[in-house]
Amino acid sequence: MAIALEQASGKAPLMVWHKDSEIPDVDLIVVPGGFSYGDYLRAGAMAAHSPVLRSLKEKAAKGTPVMGVCNGFQVLTETGLLPGVLMRNAGLKFICRNVGLKVETSQSLFTGGYEDGQILSIPVAHNDGNYFAGNETLDRIEQNGQVAFRYVDENGETSAAGNPNGSARNIAGVFNKDKTVLGFMPHPENAIDPAVGNTDGRGLFDGLVRALS
Amino acid sequence: MSISNTAITPEIVAEHGLSEDEYASILKILGREPNMTELGVFSAMYSEHCSYKSSKKWLKTLPTEAPHVIQGPGENAGVIDIGDGEAAVFKIESHNHPSFIEPYQGAATGVGGILRDVFTMGARPIANLNALRFGSPDHPKTRHLVGGVVAGIAGYGNCMGIPTVAGEVNFHPAYNGNILVNAMTVGLAPADRIFYSAAAGAGNPVIYVGAKTGRDGIHGATMSSTEFNEDSEEKRPTVQVGDPFTEKLLLEACLELMATDTIIAIQDMGAAGLTSSAVEMAGKGGLGIEMDLAKVPAREENMTPYELMLSESQERMLIILKPDAASEAEARAIFDKWELDFAVIGTLTTTGHLVLKMGDELVGDIPIAPMVDESPEYDRPWEPTAASAVVDASTVPAPASLTGALKDLIGTPDLCSRRWVWEQYDHLIMGDTAIRPGGDAAMVRVRDSKKGLALTVDCTPRYVKAAPETGGAQAVAETWRNITATGAKPLAITNNMNFGNPQKPQIMGQFVGAINGMRAACIALDYPVVSGNVSLYNETEGAAILPTPVIGGVGVIADIEKRGTVAFKAADEAIVVIGETTGWLGQSIYLREIEGREEGAPPPVDLALEKKNGDFVRGLIETGSVTACHDVSDGGLAIALAEMALGAKGLGADVTPEGGLPPHAWAFGEDQARYVVTAKDAEGILKAAAAAGVPATVIGKTTGTGELKLGTGDSISVSMLRSVFEDWLPDFMAAS
């Protein structure tokens, strides 16, 4: 993730430690993937209570953009910054593979590098990516345009076949109400380099850099 | 000895896996009876697992040197120079017995153990591989074991954030009671910053870091050095429990410490825990070591010296630091930051003795050099394996159609897709995976360069059983070929010798034969052994596994963008077979799966031909003369062609069996030293092959039809093959 951010922006991101109490003023806060605290409890649940998250929540409340990827998405739902929760994959197994991903809206500072409805191929790698929320919440976030990405099959349809983990309504990523916070399961940072795969993830980083500069 | 404890009876000695002779040697070394703690230390050090007592004589005969070898066998892992001041550090290790008893934790801690072996040498792990062998799919335990082992490997490697990029999975009834779980890790380190385990400097502090010590895994090394019987499941408490997050912290803390100038030596605590790490570090340095076991961070209360010395709790390291206070303070601060235990538990001495105290009380005193020097080494009697008759291909019945047989074969447990397995492994983390699982070898880029490492593990146990020497050579050659098929140059191997009870001459004969074959192949291919592991006594109720000398190979390619890959790239390209096809059906998958005959001599391995053909193919890839490349192995040409078509979308092939051979022998024979390549310019390849004296035959061309055609009127759709190929394993695992 740090490499992807640096490649797109030309600047190495500042790293913060989980025990830091203060995040400096920055353009963007990214909560990357991983297994925070081993995820021995619910994924992201421990990290959501780490000292640095208090500062993150304050920054987010003041409008600093925040992006959480994979475990970062789990952490952001655990903090309540994003609606819904991520449950164990429906197949009860870790899944690592490229999935079809549909960009639901290009109208955000995160997704401006893509077209509305663009279909991407991006890897997922997670054990707990099964997005869940009550129907009322799902209806509400859909009406508000808070769905960022959905899983799609090879024909670009939001079908059960295209859903790798059982996510409600094939949702792969969601915004907060103001679209200043985004969380999603796939790993665009692993789709930026033609030498080892496709470059479908680049649009996200390039779009972010444009929106924030 | 101030501590008087249980009298050592012959029963206690036997329970510790020590023979009468070995116990007599202990009495001689000590000049008195050991106490229980000392007996435990000897038992662990003299176990097959730690002492290599049955295998040492033969392992010594393997070639271990080459200009690019920085460190051969005898350290935590092997180290080779990959150019540009960088080194690859790698090793394979088995965790067979624990994985059968408790598949998730057994496999997980197998991964954890091999990772520590690599990062203890100063390398950051960049890839994991594994070789798995399970019993018959019909056996009631197989599904449970497959599910648990795969989940355990995934659980540990994924949490550590290290990609698991390649491996092999096979099934055979001979593994019903003894599965094999061999895990390999590859890491990268600066070639001039390798850390070793030999202690130095009497008076220097001995530091314990990492997780606390509990009562798990006590006597793992001894348990894994005996046969299984019906009570084996009662040995569950000897299986360790893994904590990958703590290991991730330990990895980062160790690498951070290694960037300072404070370490003299470092060694992980693996099999036989504190015992083997302390003895090996002091022994290699020709020193003594005194430890106060009361200072060992313990997870449980009232642990005895015996338990503390023999626990195999995971995620622990022993470090010899420089003696100054500043070094200790610097090291302690790093481990505090990562919230890991850091305890000074002893000092190096000039006595040459392992001295164990519990507070002020002396609880053990063993002279190290005599214990190590008198470590048993056996020249076990062995019988060569009787040669099997060559199967005459013309007597093997032909199938109704070649594509029908292909469809049957590609849906068999040993040939079907392993996607169900490797999709559970994060094979993309770190962002450098250039060839994903499912190819001939995986390829991982060296960060911030164009260079890549090609990695593979291979063994064909049915060949080894039928002809150990041929099978040993074939295992080495197949890794070499798989690496070559990606365009990389094979550099060195690590080996994992999985065999039955070495006290049986026919088993020992398999071991000796396999070593002889491996030695010949390593020499012929300039491909030395730099690390390895031996797992013997893989028997249950007297029945041994197939002899399984798993080879892990590492190669290097200068530019990953020039890599060769398996999938067809375009229609109307020539399909060329490099190497000679004689239609060898003995020990083939075809003979076993279609005819139900597991018999015959395996295909001969001509090492000079292997080298010549492989060097030629690597040259073709380097010069961009081929568009796809695949080695021919299990299932023969037809399976290789099918895999090349399955890797592409909408492409197929139209090939014609060569005359003069039964078509099914041509399609499914397993002759060695062969590759299938595709090319726009077949003529150029044929010319170059003729000049190099390499057999090359155009057998047909790729097509845009999505059909695989094997001769006139015999074709099958690739999508049909795909569903058969992909469905078997998920269907098997979903059934109950």
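## Sheet and helix contacts in the predicted model

Strand 9 (residues 288–292) of chain B runs antiparallel to strand 11 (residues 341–349) of chain B, and four bridges join the two. Helices (H or I, at least four residues) and strands (E, at least two) are DSSP runs, numbered from the N terminus, and two strands pair if DSSP finds at least two bridges between them. This is a predicted model, in which local features need pLDDT of at least 70 and side-chain atom pairs count only at pLDDT 80 or more, while totals for chains, interfaces and linings use all residues. Residues are numbered from 1 along each chain as its sequence is written, chains are lettered from A and ligands numbered from 1 in the order in which they are written, and side-chain values use heavy atoms, with hydrogens and water left out.

Strand 9 of chain B is also joined by four bridges to strand 12 of chain B, and these two run parallel. The table lists bridge partners of residues in strand 9 of chain B.

| Residue | Partner | Strand of the partner |
|---|---|---|
| B:M291 | B:L356 | strand 12 of chain B |

Strand 9 of chain B is mostly covered, with four of its five residues buried; buried means under 20% relative accessible area, exposed over 50%, and partly exposed in between (1.4 Å probe, protein chains only).

The open sheet of chain B has seven strands in the order 8-10-7-11-9-12-13, with mixed pairing. Its edges are strand 8 (263–268) and strand 13 (361–367) of chain B, each of which pairs on one side only. On average, neighbouring strands of this sheet are turned by 25° against each other, direction ignored. Helix 11 (residues 273–285) of chain B lies across strand 8, strand 9, strand 10 (316–321), strand 11 and strand 12 (353–358) of chain B, and runs at about 25° to strand 10 of chain B. Axes are lines fitted to C-alpha atoms, for helices over the stretch in contact, and angles run from 0 to 180 degrees between N-to-C directions.

Helix 18 (residues 468–484) and helix 21 (residues 607–622) of chain B pack at an angle of about 15°, with their axes 9 Å apart. Helix 18 and helix 21 of chain B are therefore roughly parallel to each other (angles under 35 degrees). B:A477, B:W480, B:R481 and B:T484 in helix 18 of chain B meet residues of helix 21 of chain B, among them B:E610, B:K611 and B:R618; contact means heavy atoms within 4.5 Å.

In chain A, the buried residues of helix 5 (residues 202–212) include A:G203, A:L204, A:F205, A:G207 and A:L208. Their cover includes helix 1 (2–9), strand 2 (66–69), strand 7 (147–152) and strand 9 of chain A.

Two residues other than glycine have positive phi values. A:K179, with phi of about 60°, is in the loop between strand 8 (171–175) and strand 9 (181–184) of chain A. B:M430, with phi near 85°, is in the loop between helix 16 (419–422) and strand 14 (433–435) of chain B. B:M430 counts as partly exposed, at 26% relative accessibility.

B:N495, in strand 17 (residues 489–498) of chain B, counts as buried at 4% relative accessibility. Leaving aside neighbours within four places in sequence, the contacts of B:N495 include B:L62, B:I92, B:M518 and B:V550.

Definitions and conventions: Angles under 35 degrees count as roughly parallel, over 145 as roughly antiparallel, 65 to 115 as roughly perpendicular and the rest as oblique.
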